[in-house]
Amino acid sequence: LLYNRTLLTICLALASVLCMKFPIYIDPACIHDFRQIPFLLGTLYGGGIVGAVLLAVLMLARTILYGFQSLTLIVYVIMFVAAAAASPLFRRLPRSGKLFAAFCLTFSLAVLTTFVAIIIADFAVTKPYIVYFILMPPFVMLFAVYLMETLHEAQLARAKLMKMEKMEIVSQLAASISHEIRNPLTVVKGFIQLLQTGPLPRE
């Protein structure tokens, strides 16, 4: 479990940094990246500890690349708290439930953080912002969770197949040993039955 969470943290932290390093230039007023997607994925699948590490890495990279902004910290702390609270329930959901929950959570957080930005910083909401920061991320998150679940199911199927192969080998080995033991036991049983039939000739 520790190995899985460590690997998840490293991979998603790297993904967040790469998202910020290579953003999409929609237009002069709108530079977009999907840094929140690996952050939310890590927090939902890994829990609060993984999310806290990802938050620290994300804010450090954000400060180095673009400088520190308190509004960004507030927005991602809100995302972290919501995703960390939803994580235990999210991990128990079936595949379809995870897809629906991830879509709804991402959309809700996008709307909520937009309102927070408007209240705190008098943020101007434009059409490109609505499309690329509110409407698009839930669909990207949906696709990311679908990939995660597909890979997880493939891993479980492989583990199950390996277990079945091991059981098949064990059953074949048991049958072989049983056969090897049964042959001499049959001979011994036959001689014992002969001895119980009464006086036997010397021959």
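## Basis of the values

In this predicted model, local features need pLDDT of at least 70 and side-chain atom pairs count only at pLDDT 80 or more, whereas totals for chains, interfaces and linings use all residues. Residues are numbered from 1 along each chain as its sequence is written, and side-chain values use heavy atoms, with hydrogens and water left out.

## The enclosed helix α2

Helices here are DSSP runs of H or I with at least four residues, numbered from the N terminus. Because 11 of the 11 residues of α2 are buried, this helix is largely enclosed by the rest of the structure; buried means under 20% relative accessible area, exposed over 50%, and partly exposed in between, with a 1.4 Å probe and protein chains only. The buried residues of α2, among them Q36, P38, T43 and G46, pack against α1, α3, α4, α5 and α6. Just after α2, G47 adopts a positive phi of about 95°.

## The largest nonpolar core

A nonpolar core is a set of buried Ala, Val, Leu, Ile, Met, Phe, Trp, Tyr and Cys residues joined through side-chain atoms within 4.5 Å. The largest one has 32 residues, and those with the most contacts inside it are F39, L40, L41, Y76, M79, M141 and V145. At least two residues of this core come from each of α1, α2, α3 (48-66), α4 (70-92), α5 (95-121) and α6, with α4 giving the most, seven residues.

When neighbours within four places in sequence are left aside, F39 is in contact (heavy atoms within 4.5 Å) with S16, G51, L54, L55, L58, Y76, M79 and F80.

## The second largest pocket

A pocket is an open set of points, on a 1 Å grid over the protein atoms alone, where a 1.4 Å probe fits and which has protein on both sides within 12 Å along at least five of seven lines; lining residues have an atom within 4 Å of a point. The second largest pocket holds about 710 Å³ of space, and of its 16 lining residues the closest to its centre are N4, L8, M148, H152 and Q155. The elements that give two or more residues to this lining are α1 (2-21), α2 (36-46) and α6 (127-195), and the largest share, six residues, comes from α1. By type, the lining divides into eight nonpolar, four polar and four charged residues, where Ala, Val, Leu, Ile, Met, Phe, Trp, Tyr, Cys and Pro count as nonpolar, Asp, Glu, Lys and Arg as charged, and the others, Gly among them, as polar.

I119 lies in helix α5 and is exposed, with a relative accessible area of 69%. From C-alpha to C-alpha, I119 and E165 are 60 Å apart in space, and they are 46 residues apart in sequence.

Notes: Grid points are joined across faces, edges and corners, and a volume is the space filled by probe spheres set on the points.
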